[in-house]
Amino acid sequence: MTIATTEFISLAKDTALSEGVPDGPFVIVPHPMGMIPLSEIRKKAEDAFPEILKVATEWKPVGKLPPLKQAYPAEKLKIQGTIEDINKIFFAKGLSLGLPIIPPTPERIQEMLKGTSRKPDHVLGLVPPRMGVLTVELVAVHAAMAGCKPEYMPVLVAASEALLDPRANWRGATTTTATSAALVIVNGPIVDEIGIGSRQGAAGAENHANATIGYAINLIADIVGGSKPPTPDKSTLGGPADFVCWIFGENESKLPAGWQPHHVDRGFKRADSVVTLMGIYPPVDNIDHWSTTPEEHINWWAHLITPLLSIGGPCWVSQMEQPHILGLGPEHAQLLAEAGWTKDRIRKAFWEKARIPFSAWPKGCPNTDILIKKFGPVNPDTLIPITLRPEEIHIVIAGGSGKHSHFFPPFPGCFPVSKQVKK
Amino acid sequence: MRQKFLYFVCHSGLDPESSLFDYIPAFAGMTAWEITYRSVGRTTLDVAEEKKGVREMKRRSAGRRITFLILMIVFTFPWVLMAMERVQLWEVVDPEGVIRIEPIKINPHPLTLEGKTVVLRWNGKHNGDHFLNRVAELLRENVKGIKVVKSWEVAPETVDPIAGNEERSKEFAKKISSLKPDIVIGAQAD
């Protein structure tokens with residue numbers, strides 16, 4: 001049985017349902033539990049105790065799960081009105097995010113499906129937390145709604161496969177209270193073939209492929225996956241990446257000599273087209289106009305990033321086992337490469353510098369024992385790194401001219417998942 | 001008024017070498033006469049003629065306006081119709097799709113907690129342990145023979161508040177299951 005607060009009981013029930021328990025045994029206490037004095041939390045436990053005893057001994061399951069239905073072909077809706085009416089009705093029914101959509105008519109879907117050789121009835125997986133069945137047909141529906149071109153379908157299908165991989169932990173990233181979103185990095189020939197933004201403003205506006213693919217990914221996550229605020233998406237503030245996720249192509253044209261692109265680091269061939277997806281917190285912009293040596297630059301960047309990794313970071317030992325992504329701007333990459341630095345040397349230097357003294361961790365922070373087990377004995381002056389190994393720092397060349405690089409911290413439990421793009 | 005005075009000076013017929021003071025009385029008189037004529041000096045016939053002319057002018061003007069309006073409607077309405085979005089019956093594909101949830105069997109809850117093993121599971125969020133500590137105290141005070149196990153004390157690796165991912169969750173469930181609980185009480189603090 002589970003004790004949950006008034007603000008989170010709906011998420012708890014949705015999660016239980018999606019795991020196969022239509023009416024779980026719950027006890028509800030007034031929100032919050034965290035950040036209140038000890039006396040108050042003990043009082044809450046005393047007030048809830050009779051109900052805890054009752055549910056522990058008297059609960060019986062009564063509810064039923066929704067019946068299973070055929071996933072393909074998707075059902076049709078008939079709507080009388082204008083395009084504006086379609087948009088209003090879709091939004092009211094929770095079938096869009098509030099931005100305009102293009103009506104997904106059967107003709108548009110058929111046109112979209114010409115962009116992929118995958119069969120429309122092929123099931124890619126179940127999108128959490130609603131456990132919606134995602135077929136290739138349904139990917140085409142959302143691609144049409146977002147305004148994608150048919151040639152974007154292979155990238156969208158690969159991104160969807162990555163989203164549904166258990167290592168992506170999309171359920172965690174989409175239902176959290178954090179401002180998390182998906183980061184999608186595209187590598188290989190497909191970047192130029194379909195015009196994925198990979199140079200100046202790569203992740204921003206004016207890139208049709210990025211905008212529509214990023215929008216489609218979020219449509220799939222929120223409509224098929226059912227993750228919308230205020231529940232089960234419990235994001236405290238949310239953000240624009242909930243509409244169009246972070247997506248850019250690596251600027252492979254600006255790779256320093258001898259450096260491999262990100263997908264080759266991940267084990268693919270250079271000629272492969274690859275999509276890598278990871279759940280992240282909002283990225284941090286490293287503005288360095290002044291360093292003239294790699295040591296200066298890494299020293300500055302590591303000290304800039306380290307306190308910002310507080311995103312609860314030090315308390316969640318699991319994050320230390322996850323990759324962190326450095327989106328090096330080409331000019332910063334050039335500074336490092338011209339001094340003869342390789343990616344491995346950057347990883348090691350960053351790992352050694354980006355550390356927090358153990359004394360800075362909040363008292364009562366859990367997992368100290370686990371930290372010690374993984375990292376070794378610590379004292380207040382021990383400098384704790386952001387990852388357990390320098391190999392967990394991934395490097396991507398991101399963007400165009402300008403003295404900016406970006407740090408993409410992982411959402412806990414989320415690992416990058418790379419899928420090959422297949423036409 | 002200045003222009004009118006200058007015009008009067010040029011066309012009055014008075015001696016050009018007359019002084020300005022000679023012009024002013026004549027101008028004033030002319031102006032007074034003009035005003036009088038306009039207000040009361042016109043004859044009834046003049047007024048009738050004027051009104052007839054104005055009516056005719058208005059009739060012709062209204063006719064031109066109506067003709068213009070009709071022509072505008074005839075030539076622009078089709079274009080307006082084409083520009084307006086038509087209400088139509090749309091057939092669209094439902095983007096939500098279906099769900100697929102496999103049921104799982106929850107073990108029946110014990111009829112009493114006396115003599116049973118209760119595992120308290122903390123998710124690592126602030127105060128969750130303090131809440132469960134008090135629950136543990138109350139269980140021991142009120143339930144005979146109960147055994148209370150705090151997961152964070154015997155299996156600290158199961159405390160990972162935002163683990164979330166399926167693999168780790170299964171590991172935690174397995175570890176907690178190995179403690180042989182009759183029931184698990186979890187606090188999802190936040």
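**Helix pair**

I started with H5 (residues 136-146) and H9 (residues 208-224) of chain A, which pack at an angle of about 125° with axes 8 Å apart. Axes here are lines fitted to C-alpha atoms, for helices over the stretch in contact, and angles run from 0 to 180 degrees between N-to-C directions. Helices (H or I, at least four residues) and strands (E, at least two) are DSSP runs, numbered from the N terminus.

H5(A) and H9(A) are therefore oblique to each other; under 35 degrees would count as roughly parallel, over 145 as roughly antiparallel, 65 to 115 as roughly perpendicular, and the rest is oblique. I noted the crossing of H5(A) and H9(A) as right-handed, meaning that the near helix is turned clockwise from the far one by less than a right angle.

I then listed who touches whom, with contact meaning C-beta atoms, placed from the backbone, within 7 Å. H5(A) brings A:Leu138, A:Val139, A:His142, A:Ala143, A:Met145 and A:Ala146, and H9(A) brings A:Thr212, A:Tyr215, A:Ala216, A:Leu219, A:Ile220 and A:Val224. By class, that contact of H5(A) with H9(A) has ten nonpolar, two polar and no charged residues. Ala, Val, Leu, Ile, Met, Phe, Trp, Tyr, Cys and Pro count as nonpolar, Asp, Glu, Lys and Arg as charged, and the others, Gly among them, as polar.

**Ground rules**

I'm working with a predicted model: local features need pLDDT of at least 70, side-chain atom pairs count only at pLDDT 80 or more, and totals for chains, interfaces and linings use all residues. Residues are numbered from 1 along each chain as its sequence is written, while chains are lettered from A and ligands numbered from 1 in the order in which they are written.

**Sheet**

Next I looked up an open, mixed sheet of four strands in chain A, ordered S9-S14-S10-S13; strands pair if DSSP finds at least two bridges between them. S9 (284-287) and S13 (393-397) of chain A each have a single partner strand, so one side of each lacks a neighbour in the sheet. The twist averages 25° from one strand to the next.

S10 (residues 324-328) of chain A runs parallel to S13(A), joined by five bridges. One of the bridge pairs I checked is A:Leu328 with A:Ile397 of S13(A). Helix H13 (residues 343-353) of chain A lies across S10 and S13 of chain A, at about 125° to S13(A).

**Domains**

Chain A splits into domain 1 (2-58), domain 2 (83-262) and domain 3 (284-411), with bounds from an automatic or database domain assignment. I found 18 residues of domain 2 of chain A in contact with 14 residues of domain 3 of chain A.

How values were computed. Contact = placed C-beta atoms within 7 Å.
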